[in-house]
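This report describes the fold of a single protein chain and then the setting of one of its residues. The sequence and the structure follow.

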Amino acid sequence: SPEAPPTTMMIRHIPNRYTQKELIHELESVGFAGTFDFVYSPIDTGSMGNVGYAFVNFVGCSSAQRCLEELAGYTFKKHQQKARTKVA
């Protein structure tokens, strides 16, 4: 059987000071409200900041594809960011 399109995206180069709550709010503010049902943003226990990436599961493959297209090169609004966002 053919492989289903992915619904989970890995967002990389998230500024380390972003909390999971801030990331969720930012995703919602750029048009993804109601399109995802799970966010995992690992925390560095030493610095208590995120490790720079998160996994987001979208409820449909079209939202995941839109994330891939729209967030590639995205600049997060809060906290400084040296590298452009990558989505895979």
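Helices (H or I, at least four residues) and strands (E, at least two) are taken as DSSP runs and numbered from the N terminus. The model is a predicted one, in which local features need pLDDT of at least 70 and side-chain atom pairs count only at pLDDT 80 or more, while totals for chains, interfaces and linings use all residues. Residues are numbered from 1 along each chain as its sequence is written, and side-chain values use heavy atoms, with hydrogens and water left out.

Two helices and four strands make up the elements of the protein chain, in the order β-α-β-β-α-β from the N terminus on. The radius of gyration, taken over C-alpha atoms, is compared with a globule rule of 2.2 Å times the number of residues to the power 0.38. For 88 residues a compact globule would have a value near 12 Å, and the 13 Å of the protein chain agrees with this.

| Property of the protein chain | Value |
|---|---|
| Span of the C-alpha trace along its principal axes | about 45 × 25 × 20 Å |

Strand β2 (residues 36-40) contains Y40. This residue counts as partly exposed because its relative accessibility is 43%, where partly exposed lies between the buried limit of under 20% and the exposed limit of over 50%. Beyond its neighbours within four places in sequence, Y40 is in contact (heavy atoms within 4.5 Å) with Q20, Y53, A54 and F55. The C-alpha atoms of Y40 and M10 are separated by 9.5 Å, with the two residues 30 apart along the chain.

Definitions and conventions: Buried means under 20% relative accessible area, exposed over 50%, partly exposed in between (1.4 Å probe, protein chains only).
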